[in-house]
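Could you help me learn to read a protein model, one feature at a time?

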Amino acid sequence: METEVIKEQKKHISEENSKIESSKLVPDAEHRERVRVIKEISEINKDKELYYCILTMGCKLNENDSEKLSGMAEEMGYKKTEEIGSADLYIINTCCVRQNAEEKVFGKIGELKRSKEKSGSIIAVGGCMMQEPHVIEKLNKSYPYIDVIFGTHTLHQFAEDLYKVLTNKEKVRNVIDIDGKIYEGLPVKREDGKKASVTIMNGCNNFCSYCIVPYVRGRERSRKPEDILNEVKELASEGYKEILLLGQNVNSYVGTGAEGETAKTINFAGLLEEIDKVEGIEIIKFISPHPKDFKDDVIEVIAKSSKISKIIHIPVQSGSTKVLEEMNRKYSKEQYLELISKIKARIPEVSFSTDIIVGFPGETEEDFEDTLDVVRKVNYEQVYMFIYSKRVGTPAAERECQVEEKVKHERFNRLKKLVDNQVEANNKKYIGTVHKILVEGYSKNNEEMLTGRTDSNKVVVFQGEETIIGQVVEIKIVSDHKWYLKGDVVK
Ligand code: SAH
Ligand code: SF4
Ligand code: F3S
């Protein structure tokens with residue numbers, strides 16, 4: 001429920017942000033046509049009780065894409081359901097970064113066959129995995145009942161694709177292999193009412209030798225600064241307090257303003273500075289930066305901002321200079337550690353999280369020890385650990401020196417043990433510290449307590465009035481438990 005205080009706060013935020021200059025989105029012909037098709041489908045669906053169910057298998061960028069697909073589905077007259085078996089429209093938004101993500105997709109499509117046979121539901125499958133030609137071949141052969149297949153570059157045409165299914169019973173295969181463009185103005189249905197993701201750039205030019213992303217997402221392209229700022233300001237006026245800026249390589253962001261207005265070009269540091277000014281947004285996070293592009297100007301902006309999170313995600317992937325070179329990461333173990341030291345020197349309260357791949361082809365015991373060494377030295381708050389997975393079409397998959405499954409798992413477990421011990425020891429250090437926390441709601445495990453997360457993503461539970469839900473408060477940590485911290489509201 002929205003209290004008077006919150007209403008008043010939102011009004012003030014809108015007024016303040018309207019003072020920041022930026023232009024409005026000018027809809028082009030393609031956009032106008034999309035709006036027309038969405039409207040036409042909503043007419044077809046009028047007076048029917050229709051449901052859509054969306055399954056998202058990938059990263060935050062995919063989740064953000066799913067929010068756009070949901071936005072389109074809702075404007076076309078479908079209501080959301082989480083229940084498999086009761087929807088009229090299924091959308092599967094796929095990921096192909098690792099083998100297990102792909103396997104799940106085939107399982108789900110198989111499961112939906114029954115629902116289609118029983119009630120004639122529409123099945124649409126899209127996202128990263130659809131950009132792989134061998135996948136399309138397999139789907140066409142073994143799952144011909146899929147109604148729509150769309151890729152990462154055709155997501156914005158989802159309404160047009162669905163229109164063909166609804167009016168002509170066509171099977172639509174709409175996947176193209178281009179570098180794509182960023183489409184503005186798609187409706188968005190946000191998953192969360194307090195935290196929001198904002199994509200700032202898409203695609204990747206880095207071609208790390210293990211990674212499929214550049215092949216399925218195309219080359220880097222950045223959104224215009226004013227489009228991003230307008231979205232952030234709108235979120236602020238809707239009451240959002242926390243935003244997560246998204247991109248495959250956020251610190252290679254280069255955005256040029258619309259001609260005649262904000263025509264200057266800004267980099268990631270410049271964009272962060274602008275976003276920092278938006279009234280109402282209190283916590284700013286971003287994923288993922290690339291260590292090779294993490295420049296001093298970004299460190300400076302983070303240091304000076306009271307809103308930008310002081311836990312920074314900087315993927316290391318491996319601690320071995322030899323492996324990093326073979327991964328085409330373009331930094332050495334020493335350069336990565338220097339970057340960490342430099343950030344720590346400028347921002348003493350900083351901490352880090354990272355991504356690590358275990359068992360990259362040719363990784364020796366010595367190389368793996370280097371990874372453990374980096375983990376010990378940096379003392380991460382959180383480590384996302386992955387076992388190397390062969391991706392068709394990437395250079396690393398062709399290498400003959402693949403590491404045995406047994407060895408990969410054994411190394412993964414050793415790394416996990418080290419990380420778990422570090423995280424447990426770090427939890428103790430939280431006692432007595434004060435954190436700015438967005439109050440997310442009641443704790444699922446204890447309905448009398450409220451909950452939120454620290455910058456470092458640790459769950460904190462505390463007592464408080466219902467009225468502080470959705471607000472950012474200061475919490476002092478009083479005790480640590482295995483999976484969460486307990487605290488008291490101080491402000
Ligand atoms: N653009 C981001 C994230 C890419 S995908 C970045 O560069 O950090 C997220 C993570 O998946 C990567 O950081 C990497 O650790 C992991 N990953 C990518 N390809 C992989 C593969 N073939 N096998 C295992 N993990 C992989
Ligand atoms: Fe993949 Fe590397 Fe690009 Fe990240 S930077 S998306 S790991 S190629
Ligand atoms: Fe997966 Fe695509 Fe994200 S491959 S990790 S959903 S960019």
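Q: What should I know before I start reading?

A: This is a predicted model, in which local features need pLDDT of at least 70 and side-chain atom pairs count only at pLDDT 80 or more, while totals for chains, interfaces and linings use all residues. Residues are numbered from 1 along each chain as its sequence is written, chains are lettered from A and ligands numbered from 1 in the order in which they are written, and side-chain values use heavy atoms, with hydrogens and water left out.

Q: How do I describe two packed helices?

A: Two packed helices are described by the angle between their axes and the distance between the axes. Axes are lines fitted to C-alpha atoms, for helices over the stretch in contact, with angles from 0 to 180 degrees between N-to-C directions. Helices (H or I, at least four residues) and strands (E, at least two) are DSSP runs, numbered from the N terminus. Here, the axes of helix α2 (residues 29-44) and α6 come within 9 Å and cross at roughly 35°. The crossing of α2 past α6 is left-handed (the near helix is turned anticlockwise from the far one by less than a right angle; clockwise would be right-handed).

Q: Which residues make the contact of α2 with α6?

A: Contact means heavy atoms within 4.5 Å. From α2 come Arg34, Val37, Ile38, Glu40, Ile41 and Ile44, and from α6 come Ala159, Glu160, Leu162, Tyr163, Leu166 and Thr167. By class, they divide into eight nonpolar, one polar and three charged (Ala, Val, Leu, Ile, Met, Phe, Trp, Tyr, Cys and Pro count as nonpolar, Asp, Glu, Lys and Arg as charged, and the others, Gly among them, as polar).

Q: Is Glu160 buried or exposed?

A: Buried means under 20% relative accessible area, exposed over 50%, and partly exposed in between (1.4 Å probe, protein chains only). Glu160 has 18% relative accessibility, so it counts as buried. Glu160 sits in helix α6 (residues 158-168), and, leaving aside neighbours within four places in sequence, Glu160 is in contact with Arg34 and Val37.

Q: What does Ile182 touch?

A: Not counting residues up to four places away in sequence, Ile182 touches Met201, Asn202, Arg221, Ser222 and Arg223. Ile182 and Arg223 are 41 residues apart in sequence, and their C-alpha atoms are 6.6 Å apart in space. Ile182 is in the loop between β6 (172-174) and β7 (195-199).

Q: What should I look for in the backbone angles?

A: Most residues other than glycine have a negative phi, and most peptide bonds are trans. In this model, Gln317 has a positive phi of about 70° although it is not a glycine. Gln317 lies in the loop between β14 (311-313) and α11 (321-326), and its 7% relative accessibility makes it buried. Asn379, also not a glycine, has a positive phi of about 55°. As for peptide bonds, a cis bond joins Ile287 and Ser288, with omega about -10°.
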